[in-house]
Amino acid sequence: MYSMTLHKVVCLPRLSRVAVCGGTHGNELSGVYLVRELLKEEKKAMEEEEEEEKPVSVVLVLSNPWAIQQCRRYVKTDLNRCFTHASLNGPLSDSAPYELIRSKELNTLLGPKGSPEAVDLVCDLHNTTANMGLCLIAYSDCDWICLHTFKHLQASTSKESYSLDSVGKHGFAMEIGPQPHGVVRSNIYTAMKFGVQHMLDWVRFFNSGFVDVFTMVKHIDYPRDSETHNIIAAIHPQLQDRDFCLLHPEDPLFQTFSGETLRYKGKEPLYPFFINECAYYEKGIALSLARKRRVMIPAIRVQTEQEQQASEQGFGSEEEE
């Protein structure tokens, strides 16, 4: 059973500016090295006068330079949590953390968020220690631009899930693992490069079809000692590295340090992801669980100039009322 049935063509504006961002978390190195490589290629093309007018302008960004320099996830606070409207529009104090300052700089460069001037699509590059393969994380399960991108990449066994926020009109994170933080693995870097190249390829054409979406249901913490709150169990060996493999009630979930197996007590089968993610220990998250559903996405095409002008005129009329 599909979530929705849409037959009409959805007309969307041309995607003229795309941002590829690496190093939002400074110790997730595939995106850092990929953006650096793409910047080198861009510079070489300009020096060799190969630069020509392109249908898509790509903005390459190293999002958190200080954290990259220190090879840390963040300097003071998670940059990924600094793009709310309240954070971006609020005043800065003298003691404001570096990431909050940087989020405002990125909002100026790629936004302003929610404005017509914002970039059309943001691709934020991340690594995970979990065995998630190439996973695409969207802000919404009805953002047709992102879902068509996902469909194009799904042949490479990518997954879809939930996401956080973006300063662009559309945005998603490309999360690839397993890769330990602070190192770069050739196969993971190559998979990310493949994903970015195919994402940019998709921007040049549109198609339609179905896409599988994983919608987050809840997080599960590690079992803890009631007095000390210390962790008393690890992810069960039968679950470790099985991101996006269906977890049934009574399946092994944790193994205590004394050897006891603790089983999943949920009422329905769900899909685990971010299993044993290193960066989430501080958040009290051992894994997240999601439901899988299939979404029908409509055929889309670029608006004609006349349609875009009519749309802008209609928007102006609504503001006058």
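Predicted model: local features only at pLDDT ≥ 70, side-chain atom pairs only at ≥ 80, totals over all residues.
Residues are numbered from 1 along each chain as its sequence is written, and side-chain values use heavy atoms, without hydrogens or water.

**Helix α4**
- Helix α4 covers residues 98-110; helices are DSSP runs of H or I, at least four residues, and strands are runs of E, at least two.

**Nonpolar core**
- The largest nonpolar core has 36 residues; such a core joins buried Ala, Val, Leu, Ile, Met, Phe, Trp, Tyr and Cys through side-chain atoms within 4.5 Å.
- L125, F172, M174, V196 and M199 touch the most other members.
- Helix α6 (residues 186-203) supplies the largest share of this core, eight residues.

**Salt bridges**
- There are nine salt bridges, each a side-chain nitrogen of Lys or Arg within 4 Å of a carboxyl oxygen of Asp or Glu.
- R73 pairs with E28 at 3.2 Å, N to O. R73 lies in the loop between α2 and α3 and E28 in the loop between β2 and α1 (29-47), so the pair ties together parts 45 residues apart in sequence.
- R73 is buried at 11% relative accessible area, and E28 is buried at 2%.
- R73 also bridges D78 at 3.5 Å, N to O.
- A salt-bridge network links E28, R73, D78 and R81.

How values were computed
Buried < 20%, exposed > 50% of the residue type's maximum accessible area, 1.4 Å probe, protein only. Expected span 1.5 Å × (residues − 1).
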